[in-house]
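Please look through the sequence and the structure below. The paragraphs that follow go from the whole chain to some of its parts.

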Amino acid sequence: YHFNSIIAREPARSVVDGLRAQYRGSPSYAGVKAEHDAYLAAMRAAGVEATVLPALEAFPDSIFVEDPALVFTEGAVVLRPGAATRVRETEEIAPTLRDLFDTVLDLPTGYADGGDVLTTQESVMIGLSARTDRAGAEALQACLDELGRKSKIVETPEGVLHFKTDCSLLDEETVLSTNRLARSGVFQNFRQMLIPEGEEAAANALRVNEVVMVGADFPRTIEMLDKAGYKVVALKTTEIGKIDAGLSCMSLRW
Ligand code: CIR
């Protein structure tokens, strides 16, 4: 969770048509843009340098740069997103990765979204989901081997978009997780902080250097983290939440 740099992408006006599992009203472009601006400001305040790419009208979900790629200080992997409308976002982000990283690998087969990948100190966890299949997860493991990273394949709870929709890393020993994900036992080697009932969408928080960014709509989670001694930065995610997104989705971090 120590990062010097991020890549982000400006939202397109087409973001109002972003993918969602359930209709909860469309986000407004102005609302998403405001949430994105505040996110970039919080990132810079947390000490990272941001490369912000231009909006892509042809790709409503392209603001969520976390999904088409995966980055580490030692290199990047161009993934194969599991949603048909997002597959070609990879072609848009690959040139930037090739500029910024010496090593850029391409996932050769299968499907994998970056939202399904949780990087911890000891290993990279790859969650199987409707977007990440076993072929993609295994191909990703081979890429990670090449980068010198240990990895393991885990399950995402039924009906949850991405593995990281339901968890985030708070520090090297601690994860923030929903009950439904923690119950599967994936985090038995970690100290676990469980999301208060009804605030499940708060699980996609984001530790960046000294701060933990958390959705502003989740007061009980904020209070829990605050009491545990974390430096919480509350950020509005109401609009991006309507298209199933949270805080990690809007950046690639290394
Ligand atoms: C999608 O369904 O792909 C977008 N509407 C939301 C992507 C969220 N990304 C993430 O959790 N990494």
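How many helices and strands make up the secondary structure of the chain? There are six helices and 15 strands, where helices (H or I, at least four residues) and strands (E, at least two) are DSSP runs numbered from the N terminus. The model is a predicted one: local features need pLDDT of at least 70, side-chain atom pairs count only at pLDDT 80 or more, and totals for chains, interfaces and linings use all residues. Residue numbers start from 1 along each chain as its sequence is written.

The radius of gyration, taken over C-alpha atoms, is 17 Å, which agrees with the value near 18 Å that a compact globule of 254 residues would have; the globule rule is 2.2 Å times the number of residues to the power 0.38. Along the principal axes, the C-alpha atoms fill a box of roughly 45 × 40 × 35 Å. Of the 254 residues, 47% count as buried. A residue is buried if 20 or more other C-beta atoms lie within 10 Å of its own, exposed if 12 or fewer, and partly exposed in between, with C-beta atoms placed from the backbone. Among contacts with a separation of 6 or more, 65% join residues 24 or more positions apart; a contact requires C-beta atoms, placed from the backbone, within 7 Å.

Helix H5 spans residues 219–227, and its buried residues are Thr221, Ile222, Met224 and Leu225. They lie on the same side of H5, because they cover an arc of only 165 degrees around the axis, the arc being that of the directions from the helix axis to the C-beta atoms. These buried residues pack against strands S11 (191–194), S13 (211–215) and S14 (231–235). The face turned away from the buried side carries exposed Glu223 and Lys227. Just after H5, Gly229 has a positive phi of about 95 degrees.

Strand S3 (residues 69–72) runs antiparallel to S4, and four bridges join them; strands pair if DSSP finds at least two bridges between them. The two form a hairpin with two residues between them, and Val71 stands opposite Ala76 in S4. Arg88 is found in the loop between S4 (75–78) and helix H2 (89–100). Arg88 is partly exposed, with 14 other C-beta atoms within 10 Å. Its C-alpha atom is separated by 8.5 Å from that of Phe59, 29 residues apart along the chain.

Notes. Two residues are in contact if their C-beta atoms, placed from the backbone, lie within 7 Å.
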